[in-house]
Amino acid sequence: MKRSLEVAHIFRVHGQTYRDAHSTSLPVRHLRVMRAIELCRTAELGGHVDVCEHCGALMISYNSCRNRHCPKCQCLDKERWVEARKNDVLPTHYFHVVFTVPDVLRPLALRNQRRFYNILFNSAAETLKTLCKDPKHLGAQIGFIAVLHTWSQVLLDHPHIHCIVPGGGLSVDEKRWIGAEQEFFIPVKVLSAMFRGKFLDNLKKAYELDELKFPGKIAHLKEGFSFQKLLSSLYGKNWIVYCKPPFKNPEDVVDYLGRYTHRVALSNDRIVKFDGERVTFRYRDSSDNNKTKLMTLNASEFIRRFLLHVLPDGFMKIRHYGILSNRSRKTKLARCRQLLGVAQDEGNEKQAKPSWQELLFKLTGIDPTVCPHCGKGKMVLKETLVPTGAPP
């Protein structure tokens, strides 16, 4: 069986060289992510030995790093998240709305990730909630899930927000469910204009509060005149906000969203070739009818681009708003379900969470508790392997 190519292998071969070359500039969180990916599912993190009760076959399994930027560690986490969200789905159509910012802002975003990404989240949320509450558009309290992505298909910086929005909301007096048309209830041009205004206003406030940094190539923006000139030019641009066609089947919504929530900058299955020095991977070229193409980078540049998308420590890249927020789920969301005639499954939130074995079986159809050698016996724990190296 041919072994698939992995980001981890590239990091193991070239990671130390990259660290040595950038020893004075690499943030600690980048070092942690590199170390975690390099050690993932190796003896250094420990593991366990299982034995088949029927044939006596042994199987060694090493522990995962559990880092959210690791391509190998997101699959089961995604399935757990999907299972937890299924009770939030309402029997209505849903829309997928994407908010992006102009290219000229990307250098500022890279050097102010936490503040910039928070502004991006807040501006998108304020735009949707404000316009949806307006009777000209919907006149209702809505809810939505927002997910931050920071990459383009070729791993360059491209911060944008994906929002999944139900086609309707709760009336202000909470007595009615107000449904929307099958076409998105807010014109894209209106969305774009308000998002631009909210974002630039929030960015200006951050500048006035001295919350932004301007190192290196953007040092000139620290001067008030240059920063104001940037803002003025951005007010004159058309910002891109787009909405995809609505989902016809509400049950598909959470599975669809799961593709976005736990995605990392580049999955292992996109890597086509690694010759020891250069990495070749697949990407979709949006400027050429989304044709699949190949890009080759030297290992150092590949690692650099991958690390551009390591998020600040503790930063929440999945956020719930409005009737889907944590504080409203048991009240306003429950009221929406009642108005839509959907029975609330009280036991669903209290039932035991599925084990990783159950999730793996659901994903692959393979039962990890059955011996892969004889197919009859049950695998039971024989020995725990202690880690042999320092943790990431």
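**Exercise 1.** Which helix and strands do the buried residues of H10 pack against?

*Solution.* The model is predicted: local features need pLDDT of at least 70, side-chain atom pairs count only at pLDDT 80 or more, and totals for chains, interfaces and linings use all residues. Residues are numbered from 1 along each chain as its sequence is written, and side-chain values use heavy atoms, with hydrogens and water left out.

Step 1. Helices (H or I, at least four residues) and strands (E, at least two) are DSSP runs, numbered from the N terminus. Helix H10 covers residues 329-339.

Step 2. Buried means under 20% relative accessible area, exposed over 50%, and partly exposed in between (1.4 Å probe, protein chains only). In H10, Arg329, Leu333, Cys336 and Arg337 are buried. They lie on the same side of H10 because they cover an arc of only 100 degrees around the axis; the arc is that of the directions from the helix axis to the C-beta atoms.

Step 3. Contact means heavy atoms within 4.5 Å. The buried residues of H10 pack against helix H3 (75-85) and strands S6 (168-170), S7 (177-179) and S12 (318-322).

**Exercise 2.** Describe how H1 packs on H2.

*Solution.* Step 1. Axes are lines fitted to C-alpha atoms, for helices over the stretch in contact, and angles run from 0 to 180 degrees between N-to-C directions. For H1 (residues 7-21) and H2 (residues 28-39) the angle is about 135 degrees, and the axes are 8 Å apart.

Step 2. This angle makes H1 oblique to H2. Angles under 35 degrees count as roughly parallel, over 145 as roughly antiparallel, 65 to 115 as roughly perpendicular and the rest as oblique.

Step 3. The crossing of H1 and H2 is left-handed. A crossing is left-handed if the near helix is turned anticlockwise from the far one by less than a right angle, and right-handed if clockwise.

Step 4. Residues of H1, among them Val7, Phe11 and Tyr18, meet residues of H2 that include Leu31, Met34 and Ile37.

**Exercise 3.** Is Ile37 buried or exposed, and which residues does Ile37 touch?

*Solution.* Step 1. Ile37 lies in helix H2. Its relative accessible area is 1%, so Ile37 is buried.

Step 2. Not counting residues up to four places away in sequence, Ile37 touches Val7, Ala8, Phe11, Arg12, His69, Cys70, Pro71 and Phe306.

**Exercise 4.** Describe how H5 packs on H6.

*Solution.* Step 1. H5 (residues 113-133) and H6 pack at an angle of about 140 degrees, with axes 9 Å apart. That angle makes H5 oblique to H6.

Step 2. H5 passes H6 in a right-handed crossing.

Step 3. The residues of this contact divide into 13 nonpolar, four polar and three charged. Ala, Val, Leu, Ile, Met, Phe, Trp, Tyr, Cys and Pro count as nonpolar, Asp, Glu, Lys and Arg as charged, and the others, Gly among them, as polar.

**Exercise 5.** Where do Arg66 and Asp210 lie?

*Solution.* Step 1. Arg66 lies in the loop between strand S2 (58-62) and H3. Asp210 lies in the loop between helix H6 (188-208) and helix H7 (224-235).

Step 2. Most residues other than glycine have a negative phi. Arg66, however, has a positive phi of about 65 degrees, and phi of Asp210 is near 60 degrees.

Step 3. Arg66 counts as exposed at 58% relative accessibility, and Asp210 counts as exposed at 63%.
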